[in-house]
There are 2 protein chains.
Amino acid sequence: MDSLELMKVLSQPSPGKIILLVLDGLGGLPHPETGKTELETARTPNLDGLVAKGVCGLAELVGPGITPGSGAGHLALFGYDPLTFTIGRGVLEAVGIDLKLEPGDIAARGNFATIDQSGLVTDRRAGRISNEKCATLCRLIDGMVINKVKALVRPVREHRFVVVFRGSGLSAGVTDSDPQQTGVASKVVNALQPKAASLAGVANEFIARAQQTLAEQHPANTVLLRGFSQRPELPAMGEIYKLKLAAIAVYPMYRGLARLVGMEILKTGNSLEDEFATLKQNYGGYDFFFLHVKWSDSAGEDGDFERKVRVIEEFDRALPGVMELGPEVMVITGDHSTPAVLKSHSWHPVPVLLCSRWCRPDGVRQFSESACLGGGLGHFPATRIMPLAMAHALKLAKFGA
Amino acid sequence: MDSLELMKVLSQPSPGKIILLVLDGLGGLPHPETGKTELETARTPNLDGLVAKGVCGLAELVGPGITPGSGAGHLALFGYDPLTFTIGRGVLEAVGIDLKLEPGDIAARGNFATIDQSGLVTDRRAGRISNEKCATLCRLIDGMVINKVKALVRPVREHRFVVVFRGSGLSAGVTDSDPQQTGVASKVVNALQPKAASLAGVANEFIARAQQTLAEQHPANTVLLRGFSQRPELPAMGEIYKLKLAAIAVYPMYRGLARLVGMEILKTGNSLEDEFATLKQNYGGYDFFFLHVKWSDSAGEDGDFERKVRVIEEFDRALPGVMELGPEVMVITGDHSTPAVLKSHSWHPVPVLLCSRWCRPDGVRQFSESACLGGGLGHFPATRIMPLAMAHALKLAKFGA
């Protein structure tokens with residue numbers, strides 16, 4: 001029996017609520033001057049107070065040495081082994097703009113890009129055109145029908161869009177056209193399996209026609225596609241855990257991920273304050289809340305150590321409001337590390353704090369990477385977080401007679 | 001997707017180099033008088049300096065409580081699960097004398113031994129005959145052809161030799177003839193599966209003819225065979241990790257193991273100094289170096305606590321020369337423990353140190369078994385060392401979108 005099947009067998013309703021607070025890219029690396037990570041630098045009296053009563057650990061999202069993408073990291077936090085359940089780039093973009101995928105749809109991530117007269121890519125992002133321009137261009141190339149396959153094109157942000165190929169008998173096993181570098185031509189989309197040949201043909205024709213249409217739209221005079229993928233079949237969290245689940249996230253991608261696993265999406269604003277207010281307003285209506293804080297990751301990606309510190313401190317200040325709600329279990333962690341010194345996601349394990357009146361406290365007194373190393377949860381795979389949260393909320397029956 | 005497949009998908013070339021330094025049998029147990037292990041007793045200022053900046057842990061090579069043979073221990077360090085990829089005794093002996101095995105070859109470990117007039121084994125090692133005598137006797141029984149199967153016999157050391165059965169359709173699933181005790185007759189080689197029947201017949205005929213040939217060679221008047229095995233099919237490390245790999249080892253068995261996983265073998269001398277000089281001379285030509293230090297294990301096997309301490313100290317003094325090369329990642333560990341107080345390999349986990357500018361330092365300040373217990377890598381399977389080394393060398397792409 002795998003872990004999800006076990007959860008489905010053992011889970012049972014109970015009155016307590018679970019709150020999962022995800023600080024995107026929470027884990028860090030030491031600042032070269034101070035030797036302290038972002039989390040170790042931040043003043044976090046509320047987190048440290050919770051740590052003293054809770055139990056901590058360090059979680060690996062995918063596996064040792066593996067740097068998780070956002071989809072993989074969140075799936076692990078939601079209890080799904082990200083090596084078993086994979087989400088393609090195209091699907092991730094589509095769910096990120098609330099684009100409903102039908103069974104059999106193939107989604108790809110698109111970039112408007114610039115090519116020169118000899119056909120070489122000179123800018124993979126077309127100078128990061130405005131959202132408005134992106135929407136206009138998407139309308140120009142939306143709705144093509146190629147071999148009975150319809151291509152839906154929807155804007156994301158700046159140069160980014162999603163294309164969904166809708167037709168029968170399509171298979172996603174094709175290569176990208178995006179060369180991932182400049183100074184070279186875009187690539188031909190190739191089928192990796194015979195059954196994907198028809199999609200490859202359609203995609204190449206789509207690119208050719210789009211390029212004709214965009215000829216006069218410099219710098220957005222071509223499109224690059226990647227991450228052709230189909231929606232994964234994820235068993236719904238509500239059925240596995242017998243919970244009514246809600247997601248609160250400012251950024252569409254995280255709402256999309258939550259929707260893929262069956263969470264209800266709560267309407268919220270654009271700030272951390274808005275998100276916490278949404279949580280408070282809806283607290284009575286659900287058993288489980290996933291609340292996503294994006295800005296820690298953005299700061300890490302920008303290499304802005306101090307801004308990441310400030311995001312963590314702002315989060316800390318908002319915590320008492322969450323605690324007042326009195327959840328049976330609260331988990332605070334990240335979906336991966338994003339050390340400012342690396343300016344990217346990384347493979348380093350993320351600190352985890354689980355608070356509940358039923359946890360066995362460890363000696364940890366500060367919420368930090370180094371302190372969590374000695375925590376009672378140890379060094380563990382992140383897919384264990386959901387079973388641990390369920391157990392501490394007294395929502396799992398005994399196993400075996 | 002298993003770990004090797006994942007590595008194959010994610011690995012990508014990058015300029016940084018990885019050095020894996022293996023102190024054979026590194027792990028120890030406390031000296032009864034001092035309460036300190038060999039590693040804790042040794043003065044190792046350079047290792048301790050590296051530890052302060054690196055990340056440590058304790059690795060299990062095969063599994064809890066399992067004492068690794070040299071082949072299994074090294075396979076784990078190279079990233080192969082030793083429970084999935086097994087190397088038979090015969091193959092290990094063959095690779096240990098640089099005997100190239102062809103596909104389909106079956107290798108067995110042989111002992112020259114003594115039987116009395118009634119055919120009972122009186123000495124399984126024929127009084128440990130000299131290397132010269134062994135070579136002479138091997139020539140006497142080399143080259144038989146039995147049912148179109150050729151038997152190649154090559155000396156190893158003292159009473160030990162290798163026999164390789166070369167022919168078509170051979171299968172290694174047969175029992176040993178070596179009874180592993182004296183006072184009994186040697187055993188008939190039996191097929192464990194129908195397809196191994198032909199090898200069993202050939203092996204029994206080989207033993208009978210060898211015994212006739214050796215009749216007048218008392219005490220070496222018979223042969224005992226064990227560990228019939230075929231070269232395992234190991235996916236090449238170069239293909240998995242996209243690295244150009246080199247091995248530096250004084251002892252042939254370790255060169256043989258490195259060759260099995262596709263490393264190039266560098267010519268070196270007979271001392272630690274020679275090995276480090278070889279590393280330095282060839283540093284520009286490869287991405288990955290495996291350097292094997294045998295003497296820590298030999299001292300442990302001899303129960304010579306002090307000598308093992310001295311080997312570790314000698315290694316420590318040579319370290320600055322390696323650091324000067326500026327590897328992106330350096331890993332220092334063992335292939336198993338060989339506590340002098342046990343005079344043998346043991347199941348105790350081995351200390352691991354990983355140095356890189358991208359590691360998240362832990363609080364460890366000394367390279368020792370007890371200090372590594374609190375290290376940031378935790379208590380982990382040794383097959384993770386390669387993924388972790390690859391990650392810290394920035395040679396792994398992000399997983400998932």
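Predicted model: local features only at pLDDT ≥ 70, side-chain atom pairs only at ≥ 80, totals over all residues.
**Contact between the chains.** I listed the residues on each side: chain A supplies 27 residues and chain B supplies 18 residues. On the side of chain B that touches chain A, helix H14 (residues 385-392) gives the most, with four residues. I sorted that side of chain B by class and got 10 nonpolar, four polar and four charged residues.

**Core.** I checked the largest nonpolar core, which has 262 residues. Val352(A), Ala389(A), Val352(B) and Leu354(B) have the most contacts inside it. I followed up Leu354(B), setting aside its neighbours within four places in sequence. Its remaining contacts in chain B include Gly54(B), Val55(B), Val329(B), Val331(B), Cys359(B) and Leu377(B). Leu388(B), Ala389(B) and His392(B) are also among them.

**Sheet in chain A.** I traced an open sheet of eight strands with mixed pairing, in the order S10-S9-S11-S1-S12-S13-S2-S14. Its edges are strand S10 (264-265) and strand S14 (378-381) of chain A, each of which pairs on one side only. I looked at one pairing in detail: strand S9 (residues 245-249) of chain A runs parallel to strand S11 (residues 288-293) of chain A, and five bridges join them. I noted that Ala247(A) has Phe290(A) as its bridge partner in S11(A).

Terms used
Residues numbered from 1 in each chain as written. Chains lettered and ligands numbered in written order. Contact = placed C-beta atoms within 7 Å. Helix = DSSP H or I, 4+ residues; strand = E, 2+ residues; numbered from the N terminus. Nonpolar A, V, L, I, M, F, W, Y, C, P; charged D, E, K, R; others polar. Pairing = 2+ DSSP bridges. Core = buried A, V, L, I, M, F, W, Y, C linked by C-beta atoms within 7 Å. Buried ≥ 20, exposed ≤ 12 C-beta atoms within 10 Å, placed from the backbone.
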